[in-house]
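Hi,

Here is the model I promised to pass on to you.

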Amino acid sequence: MRLSGSCRCGAVRFTLNSPTPVPYMRCYCTICRKSAGGGGYAINLGGDAGTLEVEGREAVATWRAPIEDPQNPGRTCPGPSHRHFCKHCGSALWAEDPAWPELVHPFASAIDTPLPEPPERVHIMLDFKAPWVRVPEGPGEVRFARYPEESLEDWHRRHGLLDR
């Protein structure tokens with residue numbers, strides 16, 4: 001699916017191809033909810049980094065969230081993920097990690113293309129959710145304290161949403 005996205009002020013517009021465009025996974029980690037969250041979480045989609053086209057790149061800034069330094073417990077270091085946002089309005093746009101250069105993860109909140117409704121919602125990183133957040137329960141609501149074993153691609157495939 002070809003996705004188009006933008007920031008709130010219009011300084012940045014982008015497009016990319018996404019084989020995994022269903023916005024199903026809500027991340028409640030402190031990084032996502034504080035830098036891109038609405039409702040106490042952020043939703044990332046999967047995209048093909050080689051197809052990312054950006055208009056207004058001069059308005060894009062990058063932030064690497066601090067994480068605990070594995071070499072020095074109790075200290076922090078920049079995390080590997082690069083989170084891109086508009087430096088004018090602060091809209092979260094996409095994230096990418098050098099460990100997977102072929103992937104880019106646009107925030108569903110920045111996508112202007114109508115997205116498909118997910119057949120279920122997966123709530124992750126619940127160990128870090130804000131105490132005021134009430135996570136939906138019941139059929140179609142799947143919960144994880146941290147990360148699930150299943151990838152974005154595998155979830156889409158299991159639900160018949162991925163071309164084989």
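Valine 60 has cysteine 86 of β10 as its bridge partner. The two strands involved, β7 (60-63) and β10 (residues 82-86), run antiparallel and are joined by four bridges. For the terms: strands (E, at least two residues) and helices (H or I, at least four residues) are DSSP runs, numbered from the N terminus, and two strands pair if DSSP finds at least two bridges between them. Threonine 62 also sits in β7. Threonine 62 is partly exposed at 43% relative accessible area; buried means under 20%, exposed over 50%, and partly exposed in between, with a 1.4 Å probe and protein chains only.

Before going further, a word on the source: this is a predicted model, in which local features need pLDDT of at least 70 and side-chain atom pairs count only at pLDDT 80 or more, while totals for chains, interfaces and linings use all residues. Residues are numbered from 1 along each chain as its sequence is written, and side-chain values use heavy atoms, with hydrogens and water left out.

Back to the strands. β7 and β10 belong to an open sheet of five strands in the order β5-β12-β11-β10-β7, with antiparallel pairing. Its edge strands, β5 and β7, each pair on one side only.

Next, the strands around β2. Strand β1 (residues 2-6) pairs with β2 in the antiparallel sense over five bridges, and arginine 2 stands opposite asparagine 17 in β2. Six residues lie between the strands of this hairpin, where glycine 10 takes a positive phi near 90°. β2 is also joined to β6 by three bridges, again antiparallel, with glutamate 53 in β6 as the bridge partner of threonine 15.

In a regular strand the side chains alternate between the two faces of the sheet. Strand β2 (residues 13-17) has Phe14 and Leu16 on a covered face, and Arg13, Thr15 and Asn17 on an uncovered one.

Two side-chain contacts belong in this part of the story. A polar contact here is a pair of N or O atoms within 3.5 Å; within protein, one must be able to donate a hydrogen and the other to accept it, and residues adjacent in sequence count only if both atoms are side-chain atoms.

- The side chain of threonine 51 has a polar atom 2.8 Å from the backbone nitrogen of asparagine 17. Threonine 51 lies in the loop between β5 and β6 (53-55) and is buried, at 14% relative accessible area.
- Serine 6, in strand β1, makes a polar contact of 2.7 Å with aspartate 112 through the side chains. Serine 6 is buried at 11% relative accessibility, and its C-alpha is 9.3 Å from that of glutamate 55, 49 residues away along the chain.

What about the aromatic rings? There are three aromatic pairs in the structure. Rings of Phe, Tyr and Trp (its six-membered ring) pair if their centres lie within 6.5 Å; planes under 30 degrees apart count as stacked, over 60 as edge-to-face and the rest as tilted. Tyrosine 28 and tyrosine 41 make a tilted pair, 5.4 Å centre to centre with 55° between the planes. Tyrosine 28 is buried at 1% relative accessible area, and tyrosine 41 is buried at 18%.

Methionine 125 is in the loop between β13 (121-124) and β14 (141-143), and is buried at 9% relative accessibility.

Last, the largest pocket, which holds about 1,100 Å³ of space. Of its 34 lining residues, the closest to the centre are Asn44, Trp100, His105, Tyr147 and Leu152. On a 1 Å grid over the protein atoms alone, a pocket is an open set of points where a 1.4 Å probe fits, with protein on both sides within 12 Å along at least five of seven lines; lining residues have an atom within 4 Å of a point. Grid points are joined across faces, edges and corners, and the volume is the space filled by probe spheres set on the points. Elements that each supply at least two lining residues include α1 (30-35), β11 (92-96), β12 (103-106) and α2 (152-158).

Best wishes
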